[in-house]
Amino acid sequence: MKIFAEVRPYTLSQSIHRVYNALKIYKPSDVEFTGIPEEADLCFLHVVGVGSLGQLSHIPLEKQVFIQYCYLTTEEWYRSEWPNTWSKVNHVFSYYNLPSIIQQSMNNFTLIPMGYNPAVFNYMPTEKRYLCLVTGYVSESEYIREVYDACVELGGDCVHVGPDFGWGKHYVNFNGISDAAMCSLYRQSRWVAGMRISEGFELPALEGLACGIPAIILDMPCYRDWYGESNDVYWVNPSEPVYPQIVKAISTIPQGVASSLPYTWDKVTSEIWASI
């Protein structure tokens, strides 16, 4: 079976590249990847919004496999159209329980988390240099500024992986780094923030937990579904002022080593390959 797995620019989403790499690393022996979608038996499409659909518009829907990353933030006019589109593609994977959300059955749907590579992201005793690690490209949508301001108030450094906002004292920036370097930053941090306002999975929170550090996550259903079993998550209530909650969280020195969650890429991708 030949597979095409469209992948977005690395600078736009490192998380999606992790999915792409995991699909290739853990593929069955009878699967071959091709860079030409017309040659493929199935084409994976990373669906972030309606605009993603145009990337393989010339490929019949029955040959397309969706990995659905966003739903709530897609254009309101299109939300009623998603079920019709999903019904026509070969398969849909998502960390959202889409049948429950749309209250319709989906015979071609598989619920999956995102994953992490335990060979890369794992615990090692490391001196702490940063109070909190945060990632992201848009400060307003991920509470990046609030995390930074909380670090400043507490006199610690905030390490931000993403575009340089140039905020000065207590702000340390990295961008376009390797997974090994990212693991090192997790290990050097006391906390990792996963604070995307609207929807998502918060893969940095998962990788941070795997590296032994607790996570700060917004208390929303899309995050509770996957992180609710962890005792190492500080839940921030989005219906109350968020900044004081962040300060309260990161002013606490974590005790012990955070426990990882069992969402490794080998397990996640085995569900994907078994479903198509």
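User: How many bridges join strand 1 (residues 2-5) to strand 2?
Analyst: Strands here are DSSP runs of E of at least two residues, and helices are runs of H or I of at least four, numbered from the N terminus. Two strands pair if DSSP finds at least two bridges between them. Strands 1 and 2 run parallel, and the number of bridges joining them is two.

User: What kind of model is this, and how are residues numbered?
Analyst: The model is predicted: local features need pLDDT of at least 70, side-chain atom pairs count only at pLDDT 80 or more, and totals for chains, interfaces and linings use all residues. Side-chain values use heavy atoms, without hydrogens and water, and residues are numbered along each chain as its sequence is written, from 1.

User: Which residue of strand 2 is the bridge partner of K2?
Analyst: Strand 2 covers 32-33 and is an edge strand. The partner of K2 there is E32.

User: What is the strand order of the open sheet?
Analyst: The sheet has six strands with parallel pairing. Its edges are strand 2 and strand 6 (109-111), each pairing on one side only. The order is 2-1-3-4-5-6.

User: At what angle does helix 11 run to strand 5?
Analyst: Contact means heavy atoms within 4.5 Å. Axes are lines fitted to C-alpha atoms, for helices over the stretch in contact, with angles from 0 to 180 degrees between N-to-C directions. Helix 11 (residues 265-275) lies across several strands, including strand 1 and strand 6. Its angle to strand 5 (91-94) is about 165 degrees.

User: How many salt bridges does a search of the whole structure find?
Analyst: Side chains of opposite charge can pair when their charged atoms come close. A salt bridge here is a side-chain nitrogen of Lys or Arg within 4 Å of a carboxyl oxygen of Asp or Glu. The search finds a total of seven.

User: How far apart in sequence are the parts that E142 and R196 tie together?
Analyst: E142 forms a salt bridge with R196, with the closest N and O atoms 3.3 Å apart. E142 lies in helix 5 (residues 139-142) and R196 in the loop between strand 10 (189-194) and helix 8 (203-210), so the parts tied together lie apart in sequence by 54 residues.

User: Is E142 buried or exposed?
Analyst: Buried means under 20% relative accessible area, exposed over 50%, and partly exposed in between (1.4 Å probe, protein chains only). R196 has 32%, so R196 is partly exposed. E142 has 6%, so E142 counts as buried.
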